[in-house]
Amino acid sequence: MKTGYPLFRCKACGFPRSINLFMKWNSNGTITANQWVWGNDLRILILRQGFVNQLFAHIEGHLGLSIEHIAFEAERQASMAVFKAFPDKVPGLDRLTRLKSVRKLWVLASDQIAAMLGMCSSTTSEYVPGKFSAGEIRNPFNLNLLGALIAGDFELLEKKPLKVTWEQIESNRYRILVELAAARSSISDRMSPDIPGSTSMLFPSRQKRSTGLLSGSYVHKRCPECKAPTALSSLKWMEDEGVIMDTSNWVRFYIGDAYFIPAVFRELASELGEDAFSIIIDSVKNYTVTNPSHFGLDPESRPRNRESLKNALQRYVSYLPLLGEGNPVYLNISEAGLEVTIENPYEPLVVAATLQGLFEWMTQSKSSLEWKVPTEGRLYCSIKSV
Ligand SMILES: [Zn+2]
């Protein structure tokens, strides 16, 4: 089913040109939105769809209550910050969006962008500026988070709080309605994303801050034609379906901002204190040990000796910069266990707990985890078999 325009691809490697246009793989283990398009250092991740879905389900299982509203607010605000950065950069665009015709074009472009990012296939059937938008969505990566992204995108146009409702038509196919809401959620004020370097409307009174990112010397092997990292050649953009698949293990990925997960964790920590850390680590580990194939591992074949363990862990950490998760600068495997230093981890708890989960799955043993952030932008982990 054709729902939009096909992506232009590099003739040499097949990587979508538009992805390369707005994303930049840096030598410090991060992916950022291209400076000339976005105007600040917005950090981007290529995320495993299963990770986000299972992480929140597991946390909710621990807590015995839903955190959907927290995730929704965090993603809605992160979405607004990311989308707002674009009109901030283009003089007069914010004023132009007062024109209904421009708003309609914006909505059509949003459908295309959602498909390009692997979030869903979206078709807007009716949009009445200032009132409502209706359409159809197929293959949403996560209904609640997609609703949050759509609410954030529309709120920039309408300048009013909005609500998103769904009606399922069939499996993975939904009717969607976006309309004005009476008010924002009561937790809205607490869920602002922390975007170093941002000059967005969320931090109007602040000077542009340092991004806090360390420089690095990670070298991506790149396509000579388009400069996309060749190690990502197994990713297949299926834009008609709104899906990005890794054809090496048929794991679905999508492209999102790096801010909403830390904002959710911050809220959990403010409510639960230290207990939040152990719940998050346990939830990330649970996802990792139950889905080794999502990390390029063969579930039927665990490493048999220290050499193959080292190779498997090295393969995993070398994938971190490709997804924008951080820059591995030190890896040591000994009889005692594993020591790793990752610079610019997008979220230290996730990176540390994923490593521990992988270590436990590979060695089939329980382990202890010590993690610390000795200096800003640097994560040290020590994992030992117990
Ligand atoms: Zn290429």
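The protein chain holds 11 helices and 14 strands. The model is predicted. Of its 386 residues, 39% count as buried. Take the contacts between residues at least 6 apart in sequence: 61% of them join residues at least 24 apart.

**The four-stranded sheet**

- Four strands form an open sheet in the order S4-S5-S7-S6, and the pairing is antiparallel.
- The edges are strand S4 (121-128) and strand S6 (162-170), each of which pairs on one side only.
- On average, neighbouring strands of this sheet are turned by 20° against each other, with direction ignored.
- S6 pairs with strand S7 (residues 173-180) in the antiparallel sense, over 8 bridges.
- Within that pairing, Val164 has Val178 of S7 as its bridge partner.

**Helices on the sheet**

- Helix H6 (residues 100-116) packs on the sheet and touches S4 and strand S5 (132-138).
- The direction of H6 makes about 170° with that of S4.
- Helix H7 (residues 143-158) lies across S5, S6 and S7.
- H7 runs at about 135° to S6.

**H8 against H9**

- Helix H8 (residues 260-272) and H9 have axes that come within 7 Å and cross at roughly 135°.
- The two helices are therefore oblique to each other.
- H8 contributes Phe265, Leu268, Ala269 and Leu272 to the contact, while H9 contributes Asp275, Ala276 and Ile280.
- By type, the residues of this contact are 6 nonpolar, no polar and 1 charged.

**Ala276 in close-up**

- Ala276 sits in helix H9 (residues 275-290).
- Ala276 counts as buried because it has 20 C-beta neighbours inside 10 Å, and the cut-off for buried is 20 or more.
- Leaving out residues up to four places away in sequence, Ala276 touches Phe265, Leu268 and Ala269.
- Ala276 and Leu63 are 213 residues apart along the chain, yet their C-alpha atoms are separated by 9.7 Å.

**H9 against H11**

- H9 and H11 pack at an angle of about 45°, and their axes are 8 Å apart.
- That angle makes H9 oblique to H11.
- The crossing of H9 with H11 is right-handed.
- From H9, the contact takes Phe277, Ile280, Ile281, Val284, Lys285, Thr288 and Val289.
- From H11, the contact takes Leu349, Val350, Ala353, Thr354, Gln356, Gly357, Leu358, Glu360 and Trp361.
- The residues of this contact divide into 10 nonpolar, 4 polar and 2 charged.

**H10 against H11**

- The axes of helix H10 (residues 306-323) and helix H11 (residues 348-363) come within 11 Å, crossing at roughly 150°.
- H10 is therefore roughly antiparallel to H11, as angles over 145 degrees count as such.
- The crossing of H10 and H11 is right-handed.
- Leu309, Ala312, Leu313 and Tyr316 of H10 meet Leu358, Met362 and Thr363 of H11.
- This contact has 6 nonpolar residues, 1 polar and no charged.

- Most residues other than glycine have a negative phi.
- Asn172 has a positive phi of about 65°, although it is not a glycine.
- Asn172 lies in the loop between S6 and S7, the two strands that pair over 8 bridges.
- Asn172 counts as partly exposed because it has 13 C-beta neighbours inside 10 Å.
- Asn344 has a positive phi of about 55° and is not a glycine either.
- Asn344 is placed in the loop between strand S12 (337-343) and H11.
- Asn344 counts as buried because 28 C-beta neighbours lie inside 10 Å.

Terms used
Residues are numbered from 1 along each chain as its sequence is written. This is a predicted model: local features need pLDDT of at least 70, side-chain atom pairs count only at pLDDT 80 or more; totals for chains, interfaces and linings use all residues. Axes are lines fitted to C-alpha atoms, for helices over the stretch in contact, and angles run from 0 to 180 degrees between N-to-C directions. Angles under 35 degrees count as roughly parallel, over 145 as roughly antiparallel, 65 to 115 as roughly perpendicular and the rest as oblique. A crossing is left-handed if the near helix is turned anticlockwise from the far one by less than a right angle, and right-handed if clockwise. Two residues are in contact if their C-beta atoms, placed from the backbone, lie within 7 Å. Ala, Val, Leu, Ile, Met, Phe, Trp, Tyr, Cys and Pro count as nonpolar, Asp, Glu, Lys and Arg as charged, and the others, Gly among them, as polar. Two strands pair if DSSP finds at least two bridges between them. A residue is buried if 20 or more other C-beta atoms lie within 10 Å of its own, exposed if 12 or fewer, and partly exposed in between; C-beta atoms are placed from the backbone.
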